[in-house]
Amino acid sequence: MNNSKILKINGLQKNYTSGAKQLTVLQDVSFEVAKGQTFAIVGPSGSGKTTLLGLCAGLDTADAGTVTLCGHNLQQLTQDQRAQLRNQEVGFIFQNFQLLPTLTALENVSVPLDLQGDKKASQIAKELLEKVGLGNRLDHYPSQLSGGEQQRVALARAFSNRPSILFADEPTGNLDEETGETVIKLLLELNQDAGTTLVIITHDMDLARRTQQILRLKGGQVVSNQPVAAF
Amino acid sequence: MNNIPLKPTQKANTAWLFKMAWRDAKASKVRLLLFMASIILGIAAVVSIQLFSGNLKNNIQGQSKSLMGADYLIDTDQEPTERAQQLIDSLGPQAMEVNFVSMVAFPKNGGTRLVRVRGIAGDFPFYGEIDSEPPTAGNTYQQQGGALVDATLMLQYNVVPGDSIKIGEVTLPIAGALKAIPGTTAISTSVAPPVIIPYAYVEQTQLLQFGSRKEYQYFFKDETVDLALLDKTLDPMLDMENADIDTHTSTSSRLGRRYDNVGKFLNLVAFIALLLGCVGIASSVNIYIKEKLPAVAVLKCLGASRKLSFLIFGIQIAGIGLLGGLLGTALGVGVQSMFPYILQSLLPFNVTIELLPQPLILGVLLGVFMSVLFALLPLLRTLYVSPLAVLRIDDSGTVQSTLARWVLGILIFGFLYGFSFWLLQDGAYALAFVVGVVVTFAILAGIALFTMKLVKYFFPKEASYTLRQPLLNLFRPNNQTMVLLVAIGLGTFLISTLYLSKDMLLAKTSIENNAKSPNLVALDIQTKQLDAVVGVFNKNKIDIINNIPLVTMRMHSIKGVGLNEIRKDTTSTIRGWILNHEFRTTYRDSLIGSEKLQKGEWIANYEQGTIPISISDNIARDAQLAVGDAVVFNVQGVLMETVVASVRQVDWTRLQLNFSIVFPAGVLENAPQFNVLTAHVPNEERSAYLQRDLVASFPNVSLIDLRQVYTIIEDILDKVSWVINFMAFFSILTGIIVLIGSVRTSKYQRIREAVLLRTLGAKNKHIVTIAILEYLFLGVLGCLVGLVLALAGSAALAFYLFEETFAPTIWPLLVFLPALVLLVVAIGLSNIRPVLKSSPLEVLRGVG
């Protein structure tokens, strides 16, 4: 195994059954992501981007092919083992923020650390929220925050467990341009500071060009996989 | 390629689990409140009923000896036969009494009243005491030669200790007021209040003449004797001599049985209250967990294991169950502490309330157990929810384990069965109850499925949008038709069953009291006195309703076999009392209201041949007689051959004179007889004049003023109905909360849709119409099916459990249906109220 590769995808295939028909969403997808690299997956709607992200993060299992994340072949892990791996190595940012509505901003950010039994969870969460500019909104519930603020809480949560790799699914999809830009700047800053590998799924080419490598998907197949310099 | 090992497993500690459960519950308190209300009310009903039953049982057992006043007694309603006397003497009674009903007079003011005179010899009671005023009178009346007179009676007639009382031909000083004596109840003292005199004076009263009804009792104190063995040995021997043995243990168990029907009903209330609580839990948790599933997906995405995410909500539900159980138990304790005050006059003993540990522990445990059990099915969904949901990918392919569903189903069935068995102490009844509920559930679910298919098939595509939308809501994906129909139907079914059963029990105990029914009975009128007594009635302008002749006789032979032979025949199954009983028979040409012809033919008038008689069903059973069998009676020395022509079913609970043996007209008219006259007296004053005139001329004639009895019985019934109504109300309240809970389960889904419609330009009118039509449809269908099932269920309960005929009153059902439907529609409309009052964005942010 090449230890510099944090994510290795090989011959991935995923099918969905719709009624009597079988739809192939991903077909023979292979690529690798190096440690510390920023990586964008782009493609039109329905190209299989989100499905690919789900498979890469171990949220789902492939019908064929292998996913190796942080040296673990995900196909060989149980659901709970994959959850454990996510908790220890993975961070997430979602288009629709996915904050727990019944927890405050502080409680939301501390969840991944709480799951690890980290006694300093609250302290770390507080520092991260201050870093994203929400030090004065610690006890606010998600419904009391704006979209941009919610995404900043999600950013703080994504970095709270000091992940090796961070998956971001359309992180600006639900935000206006100005707020989206602020969030992206923050994301890239935090990522650089922490030295985390970043995999972004987006249809925004401007955002994709701010990463080091771009993978293009179309109809469930890889069209190209090139460094940004090549564009 | 080899995997590198995972880092050590996550260490999320138990404290964090509880903290997460608490944090989440805190933010969902309004939704959890309904859930908790179902538990609190269900548990409160169970705890209060169980505590009260337990206390009642303990009190009866604990006061068993002082209830009777002796270890055992032998009683007979005639002078003991030679053999009986030998048996009694050999056991050596320490006290004895003879008691009879008679009119007494108070010379001080001329007042008269029917009382039960108890002539006591010896130091009775041996246990407990005679409660009297002055307190010493109960111990000294024997030596003083005075009478103890019922305290209420003394107040009514304004007499005090030291005044005198005239009983037959003897006048005694009143030694004290009698407040209580072992073995008497409020109801028996109200009909004929007791007057206790020393036995030595009984003969002087000259009231124990031929035909007078009397009872001899012999009291024994023997703490070492094996009562069960004594009862088993002596009972058959005494039975042959028309006497009975009663032990303090059998008295207490008989007393316990007296409250059986009320007890059965209260247990039914407990079962229904708990079941409603369970329905409440199931329906509110179902939607609650459904709303939590996205959060579970996020937690799993962040690395929570399946077990962890299950436990967070499991702990939350169990915690609410524990809190609900504690609050419900506390409420139950409060409610049951009121029962003794209400029911005191009904019970022949003082009820001391204790906090019995069993119902209390059970209440709390039940709260936790039923919450978790009925929440398990929705909770299981947390195990199967996929973290993919966070990526907006519908992963509906994940299915729950069928095995888990089956295991859970069996657990729920087992819980319900165990609980109803614990309440009813009868395996078959318990099974019938639970199967009944399961069948109801299945029928409702079937109707829901059928309705969806029907609406889909006959969908009115051309109808207006406001009609199409609510119909579409019934069968589209994520519809609430099944949940709401089952919850509304089951709630209505349980509430209505309870109401109908309550109605049935109360109707059974209600009494007729109108101008046509007699409220005054004159007993023991000798034939030669009849004309003169009728004259007294006429003088007082009181019309006689019935003149019932009464002829006493004994059986001489049954089916050609003499009674002496039957006595010697050890294989005979004829009950012993039949062989010695002095039957009080009558003759008439028609059946009366309390009788129904069961077998044979009613013969109105005797013409010729063997005399055709009619016997009651209990005589047919105990004397082994059927239509066509021959019976010879000894009517004061004259043998009379008869044949059973018919068997009647007699309702002995009706407040009127009933007879086990009835002769046709034209046979006994010239036999020595007594007469009973019944009349309707319009008021108390007229009744008092009549009583005064009758007692003055005919001291042997006893008068029972049924108006007093009616008042007492009505008072007691009022109290019983109060308790029944109160407990029923408790359950009905739980049912309404369940209805509110189940209709509100759809609140958040409905709000989103209504907001969407508003955004697309729908006016309030459209939104309201759509909501009204949808809930109206679900309400009418659910309530209607629930009511029909309740009618069937109540009929089964009436037949099998209460052993009553089922005649439901229809008007409550006519009120129930629209009332429940209105309730459903009102709650449905309250769901969408925020949409009507606020802007769509405001609402969506609030919901989110």
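User: How many residues lie between β17(B) and β18(B) in their hairpin, and which residue in the turn has a positive phi?

Analyst: In this predicted model, β17 (residues 630-635) of chain B pairs with β18(B) in the antiparallel sense over 6 bridges. One facing pair places A630(B) opposite V643(B) in β18(B). The two strands form a hairpin with 2 residues between them, and the turn residue with a positive phi, of about 45°, is Q636(B).

User: In which sense, parallel or antiparallel, does β16(B) pair with β18(B)?

Analyst: Strands of a sheet pair through backbone hydrogen bonds, either parallel or antiparallel. Strand β15 (residues 595-600) of chain B pairs with β18 (residues 638-650) of chain B in the antiparallel sense over 5 bridges, and the bridge partner of K596(B) there is Q649(B). The pairing of β16(B) with β18(B) comprises 6 bridges, and its sense is parallel.

User: Which strands of chain A stand at the edges of the open sheet of 4 strands, each with a single partner strand?

Analyst: The strand order in chain A is β2-β1-β4-β5, with antiparallel pairing. At one end, β4 (residues 64-69) of chain A pairs with β5(A) over 2 bridges, and T68(A) stands opposite N73(A) in β5(A). Each edge strand has a single partner strand, so one side of each is left without a neighbour in the sheet; the edge strands are β2 (21-34) and β5 (72-73) of chain A.

User: At what angle to β1(A) does helix α1 of chain A run?

Analyst: Helix α1 of chain A spans residues 49-56. This helix lies across β1 (5-18), β2 and β4 of chain A. Relative to β1(A), the helix runs at about 125°.

User: Is α5(A) roughly parallel or oblique to α6(A)?

Analyst: Helix α5 (residues 147-160) of chain A packs against helix α6 (residues 177-194) of chain A with the axes 10 Å apart and an angle of about 10°. Angles under 35 degrees count as roughly parallel.

User: How many nonpolar, polar and charged residues make up the contact of α5(A) with α6(A)?

Analyst: The crossing of these two helices is right-handed. From α5(A) the contact includes L155(A) and F159(A), and from α6(A) the residues include L186(A), L187(A) and L190(A). By class, the contact of α5(A) with α6(A) has 7 nonpolar, 5 polar and 1 charged residues.

User: How is the packing of α16(B) on α17(B) classed, and which residues of α17(B) take part?

Analyst: The axes of α16 (residues 427-457) and α17 (residues 465-475) of chain B come within 8 Å and cross at roughly 135°. That makes α16(B) oblique to α17(B), and the crossing is left-handed. The contact has 5 nonpolar, 1 polar and 1 charged residues. T451(B), M452(B), V455(B) and K456(B) in α16(B) meet, in α17(B), L471(B), L474(B) and F475(B).

User: Is Q84(A) buried or exposed?

Analyst: Q84(A) is located in helix α2 (residues 79-89) of chain A. The C-alpha atom of Q84(A) is separated by 9.3 Å from that of L115(A), 31 residues apart along the chain. A residue is buried if 20 or more other C-beta atoms lie within 10 Å of its own. Since Q84(A) has 23 C-beta neighbours inside 10 Å, the residue counts as buried.

Note on methods
Residues numbered from 1 in each chain as written. Chains lettered and ligands numbered in written order. Predicted model: local features only at pLDDT ≥ 70, side-chain atom pairs only at ≥ 80, totals over all residues. Pairing = 2+ DSSP bridges. Contact = placed C-beta atoms within 7 Å. Axes fitted to C-alpha atoms, helices over the stretch in contact; angles between N-to-C directions. Parallel < 35°, antiparallel > 145°, perpendicular 65-115°, else oblique. Left-handed = near helix turned anticlockwise from the far one by under 90°. Nonpolar A, V, L, I, M, F, W, Y, C, P; charged D, E, K, R; others polar. Buried ≥ 20, exposed ≤ 12 C-beta atoms within 10 Å, placed from the backbone.
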